[in-house]
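Please look over the fold below.

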Amino acid sequence: MSAAEPVDLTVADLHPALGDPALTSMNFLNEVSERYPAAVSLAAGRPYEEFFDLAAVHRHLDTFHRHLVDDLGHPPEQARRLLLQYGRTKGIVHHLIARNLAVDEQITVDPEDVVVTVGCQEAMFLVLRALRAGPADVLLAVAPTYVGLTGAARLVDLPVWPVAGGSAGVDLADLSAQVRRARVAGLRPRACYLMPDFANPSGASIDTAHRQRLLDLAAQEDLLLLEDNPYGLFHGDDGPRPPTLKALDTGRRVVYLGSFAKTVLPGARVGYVVADQRVAGPGGRVGPLADQLAMIKSMVTVNTSPIAQAVIGGRLLEHGCSLVAANTRERSAYTRNLRHLVAGLTRRFPDQPDRPAVRWTVPAGGFFVVVTVPFPVDDALLDRSGRDYGVLWTPMAHFYDDTAPVRALRLSVSAVTPEQIDVGLDRLAALVTDELTRRAG
Ligand SMILES: Cc1ncc(COP(=O)(O)O)c(C=O)c1O
């Protein structure tokens, strides 16, 4: 469209979130991938698609259908309706999700406190929409922050205040300070969003003692915690996983956000939220926060596709409701890739006296490693990396809610082979050398 062509609307007349970097970020990163399809992508946080199996999708659907008839006693006509008709707003696999959380995470939940959502993304949106009651409300979030959370907050006009992550995964002194600062300013911090396990993008995890201290602080400050846990199952080989915040939560402080995108199939678009907080309504009626979220959901997506839920349900049933059991192959591939990436970085970026250091994180699991380099990393550099070097990654600036330059990039190991990691790292090393030479010259 030429600049002179008449327009019907301008972005300035639409919701202010449109045009905000938090919303345009994902599209930009997807566009770069499309622009350089031949590049090795260490950018995508997608699961490894060679494991996808179309035939298994049909089988899972059948398995769940049989479960409805054989285990739950639904007459065939009703089972057919449950799968193909409009359905229960809170979902039809809530009982299996509750079982999965008990089996894998030792989290005890009433299935009525679960809302099955269109991906974890919808779960975040529902929770933020519910918590944003008025202009004094703010959300705290450990920085760097998953951009999908920041974008969802923008859409409900909820400001996001960063909290330092620090070496422990969340800096409790800073969390206290931000709560106090907000209250002094007459604002109401509603919750703190964080990922205690292998966070996206930082890769950081919080140890058990610190999780307990965080829960104590949340109780002291009367703050909810939004625990997002898409990567927790993909731990490395270093001992057992720490318990989730929700498993340690005795005071209903934690709203737990789940996703089946990495553990089953992203294309199913199924996630969920556990919201067991008691909400007092008019006339003294008390019910779970899940019911309020369902009310919002009924006006956003009506209900999550029962066909998609059935695929997830079937996969759960086939593995005794354990996603740990269902993901042994995936976990070992991601662990191998993570180890390969870290070893590859060590080989390619040794400390050299005449050269500024390149540093990286060594996460205990998950998909992501953050590499810190001696120069600012921006979208222009990413574009040059794709075009001239054939390797893609994610500028860490996308995960900070300001415009300050950031000297770091995120690498993901989830959608590549070890061979592609080698090629990608060779190309990244060439880019870094070139950039250092340019800057020195
Ligand atoms: C931290 C985090 N939360 C939520 C999501 C979104 O999950 P879903 O695909 O289930 O909407 C992602 C996806 O990458 C993620 O990394």
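The report takes helix pairs, then pocket and cavity, then backbone.

This is a predicted model, in which local features need pLDDT of at least 70, side-chain atom pairs count only at pLDDT 80 or more, and totals for chains, interfaces and linings use all residues. Residues are numbered from 1 along each chain as its sequence is written, and side-chain values use heavy atoms, with hydrogens and water left out.

**Helix pairs**

Helices (H or I, at least four residues) and strands (E, at least two) are DSSP runs, numbered from the N terminus. Axes are lines fitted to C-alpha atoms, for helices over the stretch in contact, and angles run from 0 to 180 degrees between N-to-C directions.

| Pair | Angle | Axes |
|---|---|---|
| H2 and H3 | about 135 degrees | 9 Å apart |
| H7 and H8 | about 15 degrees | 11 Å apart |
| H1 and H6 | roughly 135 degrees | within 8 Å |

Angles under 35 degrees count as roughly parallel, over 145 as roughly antiparallel, 65 to 115 as roughly perpendicular and the rest as oblique. A crossing is left-handed if the near helix is turned anticlockwise from the far one by less than a right angle, and right-handed if clockwise. Contact means heavy atoms within 4.5 Å. For residue classes, Ala, Val, Leu, Ile, Met, Phe, Trp, Tyr, Cys and Pro count as nonpolar; Asp, Glu, Lys and Arg are charged; the others, Gly among them, are polar.

Start with H2 (residues 54–71) and H3 (residues 76–84), which pack at an angle of about 135 degrees. H2 is therefore oblique to H3. The crossing of H2 past H3 is right-handed. H2 brings Phe-64, His-65, Leu-68 and Val-69 to the contact, and H3 brings Pro-76, Ala-79, Arg-80, Leu-82 and Leu-83. By class, that contact has seven nonpolar residues, one polar and one charged.

Next come H7 (residues 172–184) and H8 (residues 208–221), with an angle of about 15 degrees. These two helices are therefore roughly parallel to each other. H7 and H8 also cross in a right-handed way. On the H7 side, Leu-172, Leu-175, Ser-176, Val-179 and Arg-183 take part; on the H8 side, the partners are His-210, Arg-213, Leu-214, Leu-217 and Glu-221. The contact of H7 with H8 divides into five nonpolar, two polar and three charged residues.

The remaining pair here is H1 with H6, whose axes cross at roughly 135 degrees. H1 is therefore oblique to H6. H1 passes H6 in a left-handed crossing. From H1, the contact takes Ala-22, Leu-23, Ser-25 and Met-26; from H6, it takes Val-147, Gly-148, Thr-150, Gly-151, Arg-154 and Leu-155. Five of these residues are nonpolar, four are polar and one is charged.

**Pocket and cavity**

On a 1 Å grid over the protein atoms alone, a cavity is a set of points where a 1.4 Å probe fits but cannot get out; a pocket is an open set with protein on both sides within 12 Å along at least five of seven lines; lining residues have an atom within 4 Å of a point. Grid points are joined across faces, edges and corners, and a volume is the space filled by probe spheres set on the points.

The largest pocket holds about 1400 Å³ of space. Its lining has 47 residues, and nearest its centre lie Asn-30, Ala-44, Gly-45, Arg-46 and Lys-262. H1 (21–35), S1 (40–41) and H5 (119–131) each supply at least two lining residues. H1 gives the most, with six. The lining comprises 28 nonpolar, eleven polar and eight charged residues.

The structure has one cavity of 30 Å³ or more. The largest cavity contains about 170 Å³. It is lined by 17 residues, and Glu-105, Asn-229, Leu-233, Tyr-256 and Tyr-272 are the closest to its centre. H4 (94–105) and S7 (254–259) each supply at least two residues of this lining. The largest share, four residues, comes from H4. The cavity lining has nine nonpolar, six polar and two charged residues.

**Backbone**

Most residues other than glycine have a negative phi, and most peptide bonds are trans. The bond from Ala-143 to Pro-144 is cis, with omega near 0 degrees. Pro-144 sits in the loop between S3 (137–143) and H6 (147–155). Asn-200 and Pro-201 are also joined by a cis peptide bond, with omega about 15 degrees. Pro-201 lies in the loop between S5 (188–194) and H8. Asp-222 has a positive phi, near 55 degrees. Its loop runs between H8 and S6 (224–228).
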